[in-house]
Amino acid sequence: MSVGEDQLTTLPREMRATLRAYLKDVTVLWNSTLEAAILYGSAVQGRYHPGRSNLNLLLLLPAYDMEVLRRYARMHRRWSKEGIIVPLFLTEKDLHSSRELFPIEYLELREHHIVLLGRDPFPPLSEDIRGLAQHCLREIRGNLVRLRQRFVEAGGTSEAAEVLLPLSITTLLPPLKWLGYASDQASTESVEDLLTRVGRTLGTEIGPFEEAWRLKIGLISPGNLEMPRLFDRYVGALGALDDRATEVYGERTL
């Protein structure tokens, strides 16, 4: 199985070198049974920031073999140091059943991926996904609930806020992107344009989300005095977004 060199050339040079070496290892491990290796996430969305972002991969297999997975676990110790997180191990049946069960994740994978090895398992998408808006609303509300819970678990400190805000905004972007999918299919817009569109569509404050994104990508670094204020603004904006999105797109689901 050959590496998709044409696809790799679209990636930064240092990333190409890492992925070539990684793909060589997984090819040896699975031999001819590996059906595809797919790169997804920030690396293919123009949102990759060296030292801050990870490399996300999906390995498509015909079936699970726990012994091979144990061998992969030992091999992965090396690759975790290179920013590659543990991949998704899926069969084609797993992948396509996720279309209804995890529609946001499925759409993100389908719309933004690079096939590094093997074949592309994603068919053209020609119809709406049932229940997508409700799934988006659940993700937004769940983000708010988890954020408050994790802040308390972490002691309610400025340091906790600095860690939690980038995590929250990262998981918030996909449901915001796909919330209006039925009437306006999502595009490859930037984070800034996405947030502007959401603010305009829902009539809600987006400034704290923009600040959280700039914090994530290293453009701002609020100090111990300002970080709690930013966290308060963000939580307030997330609560208002949850209320407004529920009014526009459906009944509250949580």
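Colleague: Before we start, what counts as buried here?

Modeller: Buried means under 20% relative accessible area. Keep in mind that this is a predicted model.

Colleague: Fine. Which residues of helix 5 are buried, then?

Modeller: They are Pro 103, Ile 104, Tyr 106, Leu 107, Glu 108, Leu 109 and Arg 110. That makes 7 of the 9 residues of helix 5, which spans residues 103–111, so the helix is largely enclosed by the rest of the structure.

Colleague: And the confidence, what is the mean pLDDT of the chain?

Modeller: The mean is 88, and 91% of the residues reach 70 or more.

Colleague: Which elements have the lowest and the highest mean pLDDT?

Modeller: Helix 1, residues 5–8, has the lowest mean, at 68. Helix 9, residues 207–216, has the highest, at 97.

Colleague: Stay with helix 9. Which of its residues are buried?

Modeller: Gly 207, Pro 208, Phe 209, Ala 212, Trp 213 and Leu 215. The cover over these buried residues includes helix 7 (158–178), helix 8 and helix 10. Just after helix 9 comes Gly 218, with a positive phi of about 85 degrees.

Colleague: You mentioned helices 8 and 10. At what angle do they pack?

Modeller: Helix 8 (residues 191–202) and helix 10 (residues 226–249) pack at about 60 degrees, and their axes are 10 Å apart. The crossing is left-handed.

Colleague: Which residues make that contact?

Modeller: From helix 8 they are Val 198, Thr 201 and Leu 202. Helix 10 brings Leu 241, Arg 244, Ala 245, Val 248 and Tyr 249. Sorted by type, the contact residues are 6 nonpolar, 1 polar and 1 charged.

Colleague: Is strand 4 mostly covered or uncovered?

Modeller: Mostly covered, with 5 of its 6 residues buried.

Colleague: How many bridges join strand 1 to strand 4?

Modeller: 5 bridges, and the two strands run antiparallel. One of the pairs is Leu 39 with Ile 114 of strand 4.

Colleague: What about strand 1 and strand 2, in which sense do they pair?

Modeller: Strand 1 (residues 36–40) and strand 2 (residues 56–60) pair in the antiparallel sense, over 5 bridges. Ala 36 is opposite Leu 60 of strand 2.

Colleague: Now Tyr 22. Where is it found?

Modeller: Tyr 22 lies in helix 2, residues 13–30. Tyr 22 is buried, and its relative accessible area is 0%.

Colleague: What does Tyr 22 touch?

Modeller: Leaving out residues up to four places away in sequence, Tyr 22 touches Leu 57, Leu 59, Tyr 72, Trp 79, Ile 84 and Pro 87. Ile 84 is 62 residues from Tyr 22 along the chain, and their C-alpha atoms are separated by 9.0 Å.

Colleague: Last one, Asn 31. Buried or exposed?

Modeller: Asn 31 is exposed, at 55% relative accessible area. Asn 31 is in the loop between helix 2 and strand 1.

Colleague: And what is phi of Asn 31?

Modeller: Near 55 degrees, which is a positive value in a residue other than glycine.

Definitions and conventions: Residues are numbered from 1 along each chain as its sequence is written. This is a predicted model: local features need pLDDT of at least 70, side-chain atom pairs count only at pLDDT 80 or more; totals for chains, interfaces and linings use all residues. Side-chain values use heavy atoms; hydrogens and water are left out. Two strands pair if DSSP finds at least two bridges between them. Helices (H or I, at least four residues) and strands (E, at least two) are DSSP runs, numbered from the N terminus. Buried means under 20% relative accessible area, exposed over 50%, partly exposed in between (1.4 Å probe, protein chains only). pLDDT is the predictor's confidence in each residue, from 0 to 100. Axes are lines fitted to C-alpha atoms, for helices over the stretch in contact, and angles run from 0 to 180 degrees between N-to-C directions. A crossing is left-handed if the near helix is turned anticlockwise from the far one by less than a right angle, and right-handed if clockwise. Contact means heavy atoms within 4.5 Å. Ala, Val, Leu, Ile, Met, Phe, Trp, Tyr, Cys and Pro count as nonpolar, Asp, Glu, Lys and Arg as charged, and the others, Gly among them, as polar.
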